[in-house]
Amino acid sequence: MTTPRHARSVARLAAVQALYQMEVSSTGVEAVIREFTEHRFDRDVEGMTLAAADEAFFAELVRGVVAHQRQVDSAIVKRLAENWRLERLDATVRAILRAGVFELEHRPDIPTEVVIDEYVELAKSFFDGPEPGFVNGALDGVAQDVRA
């Protein structure tokens, strides 16, 4: 049985994947949400049922990042090292940061520690190197900026 918290974790992972997919393939927001809803959530894949996702939360994250991308990106850039540009970051790291920053800015009902922990754990699932620490530092900095 999937708990509501686990369903949100799955939604965050899917949102990061969707944001990445949109960036590398130029897929539109509604098309990618529809693809995930129709073909990826609660589906039997090779005999295994995928974990349930909070589909409404997933759609809110993806639409929210796209709708507020200029503001989200600005918050990220403010926390990058001098002379670093957002484009220099790995596309997956960009997607993780964008989703995390959107939550920090637009979902004050979700505790800061939960947002940061969830996206650091996602970074750990994609990277073995310094990226999870970078995500932690960047999201912590943004949290200080937007939730102080």
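Select Thr112, which sits in helix H6; helices here are DSSP runs of H or I with at least four residues, numbered from the N terminus. The model is predicted, so local features need pLDDT of at least 70 and side-chain atom pairs count only at pLDDT 80 or more, while totals for chains, interfaces and linings use all residues. Residues are numbered from 1 along each chain as its sequence is written, and side-chain values use heavy atoms, with hydrogens and water left out.

Show what surrounds Thr112. Leaving aside neighbours within four places in sequence, Thr112 is in contact (heavy atoms within 4.5 Å) with Leu104, Ala143 and Arg147. The side chains of Thr112 and Arg147 are joined by a polar contact of 2.9 Å. A polar contact is a pair of N or O atoms within 3.5 Å; within protein, one must be able to donate a hydrogen and the other to accept it, and residues adjacent in sequence count only if both atoms are side-chain atoms.

Next, select H6 (residues 112–126) together with helix H7 (residues 131–147): they pack at an angle of about 160°, with axes 9 Å apart. Axes are lines fitted to C-alpha atoms, for helices over the stretch in contact, and angles run from 0 to 180 degrees between N-to-C directions. H6 and H7 are therefore roughly antiparallel (angles over 145 degrees). On the H6 side, the residues that meet H7 are Thr112, Ile116, Tyr119, Val120, Ala123 and Lys124. Their partners in H7 are Pro132, Val135, Asn136, Leu139, Asp140, Ala143 and Arg147. By class, this contact of H6 with H7 has eight nonpolar, two polar and three charged residues. Ala, Val, Leu, Ile, Met, Phe, Trp, Tyr, Cys and Pro count as nonpolar, Asp, Glu, Lys and Arg as charged, and the others, Gly among them, as polar.

Thr92, Ile96, Ala99, Gly100, Glu103 and Leu104 in H5 meet Thr112, Val115, Tyr119, Leu122, Ala123 and Phe126 in H6. The residues of this contact divide into eight nonpolar, three polar and one charged.

Finally, go to Thr27, in the loop between helix H1 (4–25) and helix H2 (29–39). Thr27 counts as partly exposed at 22% relative accessibility (from 20% to 50% of relative accessible area, 1.4 Å probe, protein chains only). The side chain of Thr27 makes a polar contact of 2.5 Å with the side chain of Ser25.

Terms used:
Helix = DSSP H or I, 4+ residues; strand = E, 2+ residues; numbered from the N terminus. Parallel < 35°, antiparallel > 145°, perpendicular 65-115°, else oblique.
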